[in-house]
Amino acid sequence: MSGWLAPRPGDPEREGVGEELTRVATAQAGFFTTAQVLRLGFAADEIGERLADGSWIKIERDLFRLKDCPHSDLEEFAKWCTWFGAAAAVSHQSAAELHGLGHLYPRFIHLSTVLSPPSPTQQLALHRRSLRPEDCEQVGPLRITTPLCTALDLAASGISQELLDEVVADGVAIGRLDARALHSECGSLPAQVAQRVEHALATCT
């Protein structure tokens with residue numbers, strides 16, 4: 001309903017709104033955005049009130065965190081996935097690191113996103129593109145590219161052949177990559193990328 005404001009503290013409906021925010025934030029490692037709280041029914045002036053009383057913590061522009069939410073090893077990734085929205089996914093070198101593939105030691109957090117705003121920090125390497133549902137999986141609070149998609153992304157990127165070989169070998173060894181499925185993708189890849197994938201697969205045999 002146009003103009004509807006969330007009930008104020010003490011109103012019976014307020015508990016439900018707060019519980020829904022807790023549910024949303026918990027699924028995102030404690031983070032949530034201005035757009036999310038407004039959609040839930042909070043009034044704009046309540047944001048300042050919650051920041052003032054310390055129950056919400058401002059992390060970045062339009063990004064907040066519940067004060068009492070437990071911390072996680074994944075929260076730096078979850079923070080940016082939340083900021084960029086549901087279509088964002090951890091990808092490329094960062095996805096390989098989280099999947100335990102190779103030793104790439106990424107300097108940046110790599111994210112794939114369809115959104116066009118500039119990166120709010122130099123910590124991020126953004127890959128602007130759409131991902132199919134089958135290209136991603138959910139790992140705790142994160143949307144992350146699958147090992148197959150990650151290997152293909154890295155084959156098309158600038159990492160060395162030696163590092164790509166290690167990523168693919170690790171994936172096959174721990175059962176996170178199916179060598180046949182990876183090989184079947186080669187027919188739809190640019191020739192140079194397909195050659196890199198085939199070389200990596202050859203090192204596994």
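Colleague: How much area do domain 1 and domain 2 bury between them?
Modeller: About 810 Å², with 66% of it on carbon and sulfur atoms. Buried area here is the accessible area (1.4 Å probe) that two parts lose on being put together, summed over both. Keep in mind that this is a predicted model: local features need pLDDT of at least 70, side-chain atom pairs count only at pLDDT 80 or more, and totals for chains, interfaces and linings use all residues. Residues are numbered from 1 along each chain as its sequence is written, and side-chain values use heavy atoms, leaving out hydrogens and water.
Colleague: Where do the domains run?
Modeller: Domain 1 covers 12–66 and domain 2 covers 74–203. The bounds come from an automatic or database domain assignment. Their centres, taken over C-alpha atoms, are 31 Å apart.
Colleague: How many residues are in contact?
Modeller: Twelve of domain 1 with seven of domain 2. Contact means heavy atoms within 4.5 Å.
Colleague: Which side chains meet in a salt bridge?
Modeller: Arg65 and Glu75, at 3.5 Å, N to O. The term needs a side-chain nitrogen of Lys or Arg within 4 Å of a carboxyl oxygen of Asp or Glu. The count between the two domains is one.
Colleague: Which strands supply the side of domain 1 that touches domain 2?
Modeller: β1 (31–33), β2 (56–60) and β3 (63–66) each supply at least two residues. β1 gives the most, with three. Strands are DSSP runs (E, at least two residues), numbered from the N terminus.

Notes
Helix = DSSP H or I, 4+ residues; strand = E, 2+ residues; numbered from the N terminus.
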